[in-house]
Amino acid sequence: MLYREVGQYKTSYGADQALFPILQDRIGITVILLLAFVGVPLTASSFTLDSILIPVLVLSLAATGLNLLTGFTGLLSLGTGGFMGVGAFACYKLTTFFPNVNIIVLILCSGFFAAAVGTVFGLPSLRIKGFYLAVATLAAQFFLSWCFIRIPWLYNYNVSASIEVPTKTLFGVPVTGPTASPVTRYLIVLSIVALLTLVAANLVRGRIGRTWMAVRDMDLAAELIGIRLYQTKLLAFAVSSFYCGVAGAMMVFLWLGNAESESFNINQSFLILFMVIIGGLGSLLGSFLGAALIWGLPIVLRAAPAFFGLSIQSATAEQASFVIVGALIIFFLIVEPHGLARLWQIGKQKLRVWPFPY
Amino acid sequence: MTHLLYGIFIDPFVQMGTAPDLLVQTLWEGLVSGVLYALIALGFVLIFKASGVFNFAQGIMVVFSALTLVGLNENGMPAYLALALTIAVMLVLAFAVERVILRPLVNQPDIILFMATFGLTYFLIGLGELIFGGDPKVMISDQLQLPSGSYRIPIFGGYLQMQKIDVAAAIIASLMVAALAVLFNRTRIGRALRAVADSHKAALSVGISLEQIWVIVWFAAGVVALATGIMWGARSNVSFALEIIALKALPVLILGGFTSIPGAIIGGMIIGVGEKIGEFYWGPLLGSGIESWFAYVIALVFLLFRPQGLFGERIIERL
Amino acid sequence: MGRSVGGPILEVEGISLSFGGVVALQAVSLDAREHEIRAIIGPNGAGKSSLLNVINGFYHPQKGSVSFKGRKRRRVDPHEVAQQGIARTFQNIALFRGMTALDNLMTGRTLKMKSNFLHQVVYWGAARREELEHRAKVEEIIDFLEIQHIRRTPVGQLPYGLQKRVELGRALAAEPDLLLLDEPMAGMNIEEKQDMCRFILDVNDQFGTTIVLIEHDMSVVMDLSDRVAVLDYGRKIADGTPEEVRHHRAVIDAYLGVAH
Amino acid sequence: MRLKKLVLGAALAGSVGVSVLASQAVAQDTLFVPLFTYRTGPFANSGIPIANGMHDYFNMLNARDGGIGGVKVVVQECETGYKNEKGVECYDSVKSKNPLVISPYSTGITLALIPKASVDRIPILSMAYGLSASAVGADFPWIFNPPATYWDGMSIVLKYIAGKEGGFGSLKGKKIGYIYFDGGYGLEPIPLLDQFAKEYGFSVTKYPVPPAQMQNQSGLWLSVRRDRPDWMVMWGWGAMNPTAVQEAAKTGYPMDHFIGVWWSGSDDDARPAGAGAKGYLSLNINAVGAGYPAIGDIVKNVIDKGNSQTPKDQVGENFYNRGVMNSVIIAEAIRHAQRITGKKVISSADMRRGLETLSISDQRWKQLGLPGFAASFAVTCQDHNGHHAAYVQQWDGRKWVKISDWIPPMKEKVLPLLYGAANDYVSKNQPWPKRTEVCDDRTL
């Protein structure tokens, strides 16, 4: 009986349209944020930060971006990796042009370059739909990753054809490069992700979000209501690519510290798509759950044998994890096609009537 | 600038004129890889036509079937027995897919089924490596009596080099297409398949079990995959890197339309020839390696003019 | 009826429309006056829906013109039409199934919303104020249509009758001057039909909205409408008050299916 | 419904599992040597034999001598699949367990780890791959890439070609085709190649192979047929190698004019082309064949005891021996470190000193039971590479045959480029940590 909104009366539409209308949710999110911002930095090991939390956050942001496009606007894209790459390389060039500008500003700015490119490759969406569009976005994917290698200007003509992240400091504290501590990088990633997630939440609960969903659910009717399909779709592409771009920039500057064309290949795109669909199309929460599952699972699986004192060849573990991840994807889709987010809803529903079955 | 324009608009055609044998050779290579793309695309089409599923796993099915074949043979099984057994394996796979994936997910939105085939892809990659190891295998061309060596036909003062295996690939591909055409248009199953393609309800009302149809198409796709795997394996070797190439079937699908068998073939030809010509004559301008995306751009441009593909049904929007 | 029918607000002149070889409409002309309820009837495939699609710009006729509020137009895009104040419902419901009833209605007001992207991003100031204003307006319509209880339900899960009602609500949310209803009562039971009739009359009465509706149920048409136009094989074969139309020779033929 | 509960449960369990991760410590009285390997993915064909070689040699030392200096070597493989993210993850998972040295076995991963390792003070051994510039000990105290850099390799290739053509003078007007993996690895030698082309007046045509096209090279080889280069030089890896050899054979390119770097000389690279591959050349830095006492010990103590994944017939293949060589270098460095520090259980810092004073003479190779297995080599405080000789081998249709003497690289050409690149790297990655580590006296 702990979780229920009974007795919480909304006295204004404002209260009713708040992000978290239910008190328990508000408490919940506060606790989570406190844990994330205070608890984790104090306790987590550098491995947990570097190999689990930072990646999951970065990938969640990319997934959020794709979700805005695929989940909310109904446009299937396989170019995510490419757009992330644009963000990363843009950020790298920016750091070389403006070495003294605050790196966080640059990371956010690099999103705009991705947005521009994304919009261009979004143009076909005006003529084509569904899988045809998906394949069209593959053109973006392959063309971009070709550019990342074939245009040396993008990586400052490094012989290695890869971008090395320079050390940038903020108030004297190094935030990028090898000397930056995992905690610092984690906190920055967390802040950016939290901020952009809030923005996404605002967008999808307002007019823009509704027009996106309208286009997704029935584009013709939307048009007859007065929604301009072209602008709506292109806006979706732009915003989505912006998120992917920022994610890409963070991936290189705050996570890996180095990248080459291959870091943004087609598999990256597929990985993000997994996360979105497993997490739940059209759900921001889902993007996070999906990212956590898809990224976390193989790590758990790789650690599991040792944890249970078995010694398994790392290769075998890797192959096994492929099998299991594949099986789980199918399993999840069968159990709940609407993704983890829906499971969460169901869980809440149960909690609401607990301890009674109905 | 003028140099660039020359490189784009004049030089390639000069080359074609001065070395026609190379042009012919390029066309031939294009046709061959086109055939292989087409074979993969064919697998997609079969399944999409009958179950509306965009089967991403087609690519890995190619690798998996070829691996099974070679793996069985390596464990001392005579080639043809191995071949038969591999076909059996593909049949089992078809049943498994129908039972485990399609049936529970029937009537789900396309994208969910699409994702499910992604899951299948991961599963097969892992399984394949677990059983046969990650190291690439050499296709057992000789045991299968596949021709090796090549014809060298003098033309235009130069010569045209045709690998016998490629010729075989072309022949086998056309045979398969013919067989499938017959299957689709002449047999009861074929009518059923088309009925399903038109509408599941209709099919049911005609008293056809969807399950059977699905098993059949997935099995057919599996066999096509095996053929593709053997052919491509014989050209390079059987390794998981092949799976990436399978993506090339997607632009083929766009050109040919997702539901048209002749479309897949002709689309394959266009893509194959297009990208080879592009790489060969225009690639050097851009620093080469454009083959990796050229096909997709061809398809993309094409889409803008004909959104439903070469043979795809016309899309009429109505309210 | 205590309302004054004004001058013509919508004039359709000599519309001809065909897809490939198939002729859907042939030189059809009709008008609708302010505040009136105008019905279009005719057998299936007579071209009724096509006519509506022409009026709100979804189809572009080969010949003829449509003028609304005196502004003549030959070829326009649907969203322009919507901006001029024409809203509609659809024969087979075209709601946004994934969204709640409330969101569907809010979407209906898209054109009335002006706040820019940045405000949306922060969801503060203008954007927030706007949201709340429009929410208030939408709530009025929700009360009016008596669908308070299903506010938060995704419309995909609603029964047919309610969906039709929500769709009407979405159209009303745009505060249109002209409302096109494509078979608003198709597949409803008596009670639902009666409710729908009431709503249509009230809309027309309270908001003074001009209504053009397609309907098969003769009794409904005859009670509701001021004037009735009859289409058959893409031609207009009769036009006038329900009384006149009811006794019109061609109409009777058309409905009894006498060979021409 | 039950299913859904189950799933919720599973998700929960997963999240718990994660938290218990990095908790697998390594016993303190051992020598911990993580090996980054890839037995999966499109590069597995190159990765597997190397991984086997590296693994087996350490197992052999443990079984035969009870470890190194009486201390057991703990080997832990981490599967990278040749993916950079995985590599970084592997690094993060081992760095807290006092790893003596990291062998990334991927140029991409090496590049990603160079800055990190320099800060975490963990040595990286990128044996004949990675960033050529990292040979400059003054700038990269923690990175070691013996016995030769890609630039050395390219200079050796050109030296060999020149030898066949009758001296560098006669390279004038010749056409050399360069087919390479379109990534950092394949792009690195290009500056040197271009420089030589300018100096000796031969022309270079470049044929990049994008990763997605590794097994789809027919178009590329058509261009080769058109351009008719006198020699083809290959910097290939993974599935790209066998495909290239096969396509070359198909196009009828003279195989004895087609020469690959030491990473394009695996038995699996040549074998698939069958008879067509006969005559294919490649550089090598280690001997092939199982006819060495040490390798005999491996067979006796490890493989016959079933403690290995290696199929017996692959022992002694080129890349297997490459892996063995990698482990020998690590083992020798550990011995050096133990001698310098007088400690039995050493730290990564000690290991760095060991690597920096490492030298293996022909005499020592013999003592190791590997006479003539590789050129005698030494790295110094300044030079972490040594720029040692390589030889050319030829595929006779069944196995590799050594067909040249050990050819030393053209240091005088390579070094300037090397220092230039090192400066470039350091200047682009300011502030780059200044070297503080003192140089050990080699005579110890």
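## Contact between chains A and D

In this predicted model, chain A brings 47 residues into contact with 47 residues of chain D. On the side of chain A that touches chain D, the elements that give two or more residues are the helices α3 (46-72), α6 (130-150), α11 (284-307), α12 (314-335) and α13 (339-353), together with the strands β1 (162-164) and β4 (258-260) of chain A. Of these, α11(A) provides the largest share, with 9 residues.

## Domains of chain C

The domain assignment divides chain C into domain 1, which is made up of the segments 1-85 and 176-260, and domain 2, which covers 99-175. Taken over C-alpha atoms, the centres of domain 1 of chain C and domain 2 of chain C are separated by 27 Å.

## Contact between the two domains of chain C

Where the two domains of chain C meet, 11 residues of domain 1 are in contact with 10 residues of domain 2. On the side of domain 1 of chain C that touches domain 2 of chain C, α2 (78-84) and α7 (190-207) of chain C each supply at least two residues, and the largest share, 4 residues, comes from α7(C).

Definitions and conventions
Residues numbered from 1 in each chain as written. Chains lettered and ligands numbered in written order. Predicted model: local features only at pLDDT ≥ 70, side-chain atom pairs only at ≥ 80, totals over all residues. Contact = placed C-beta atoms within 7 Å. Domains from an automatic or database assignment.
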